[in-house]
Amino acid sequence: MSAERAVARIDLGAIRHNAGVMAAAAGGARLMAVVKAAGYGHGAAPAARAALAGGASFLGVATVTEAEELRGEGIDAPVLIMGPLTGGEWARAASAGAEVTAWTPEAVARAAAAGAGEPPGVHLKLDTGMGRLGARPEDVSALVDSAAAAGDRIRVAGLMTHFATSDDTTGENASFMSEQLLRFRSAVAGVRDRFPGALVHAANSAATLRQPSAAFDMVRCGISLYGCSPFGGDPAEHGLRPAMSWISYLASVKTLRSRESVGYGRVWRAARGTRVGLVPVGYADGYARCLSPAGAEVLTGGRRVPVVGTISMDQLTVDLGPEGAEAVGEEVVLIGARGDERITAEDVAAWRGTINYEVTCAVGPRIPRIHEG
Ligand SMILES: *Cc1c(COP(=O)(O)O)cnc(C)c1O
């Protein structure tokens, strides 16, 4: 029996390998490893170190606290904070030596004012169609002029945009990515000469795999580093190896008679006498409550068994079948591979009606991460 109720095992060798795959896909461009949201649930600092060892040379996060955490772990690679900053966060970013993203002249001024000694690296973000952060086309020249006017109080370290549909290769969404690429190319063409040190970057994992010409000077990859497919399919198609497996155990096994129920609301009843196993993982751990009616399965005893009954905060139940021989203490794999069977984050996402990103991010803080390799 495992010493822990449940753990997420993180294969750092897989992250190194995946970084190598994405660095190769990027051609000669640099690889930024995106380690926001605790490395998509894998642990930011260990994921960052593994990605740097595998070929990344830049790190990306969403918040200033995430940048500070990396510095606190002694990681001194360049870090870009891609999200918006509030008042005092500009100075915190500067003292962490993190680069920042700006899309208005006001933000450029704040970055310039926050610089502590070294001029802060600023990445100018253009909105080419995502519609979230970034200067709209009519606002780009004011942004660029403000960055030029800041002189040596800032260092313009990047010109960037973000794709809305790079994961969707069908229909109108496929051509929208090309449209964004065109808009970005033409915006950058007019600006690049003014900031010769700036890295031009646009591609996330999906764009890197799909469109080598979108790599520019750097690609920003997250999901692929963790061995998940940005397209939601089989990661092996891209040579990616899943890094996370999520393991628990059978804490109780009992025999139910036909028509007896399991769990809250009695939503599942045994159609025949059967063995039911209890796994001490629930929705508070990130195993979403909607998974059981959606047909989710786990691996135990080398086979797939269905999750049945309402998933509780701390527990879920599985139907081992009338012949189920698994005993208390048997390993249960919520995500991972055993023998020929595997359950991927993509499988869980499909049951849950979401994307693999949300599945690994959701694995909660109650689940210890065990970094291996
Ligand atoms: C999260 C993020 C990425 C990484 O995207 P993946 O699809 O995980 O590769 C890249 N760029 C920006 C701006 C992001 O916020």
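Helices H2, H9 (205-210), H10 (345-352) and H11 (356-362) each supply at least two residues of the lining of the largest pocket. Helices are DSSP runs (H or I, at least four residues), as are strands (E, at least two), numbered from the N terminus. A pocket is an open set of points on a 1 Å grid over the protein atoms alone, with protein on both sides within 12 Å along at least five of seven lines; lining residues have an atom within 4 Å of a point. The model is predicted: local features need pLDDT of at least 70, side-chain atom pairs count only at pLDDT 80 or more, and totals for chains, interfaces and linings use all residues. Residues are numbered from 1 along each chain as its sequence is written, and side-chain values use heavy atoms, without hydrogens and water.

The largest pocket is lined by 36 residues. Lys 36, Tyr 40, His 162, Asn 204 and Tyr 357 lie nearest its centre. The space taken by the ligand is this largest pocket.

The shell around the ligand includes Val 34, Met 82 and Cys 221 (a heavy atom within 4 Å). H2 (36-40) and strand E9 (218-221) each supply at least two residues of this shell.

Technical notes:
1 Å grid on protein atoms, 1.4 Å probe; cavity = no way out; pocket = protein on both sides within 12 Å on 5 of 7 lines; lining within 4 Å. Sits in = over half its atoms within 2 Å of the grid points.
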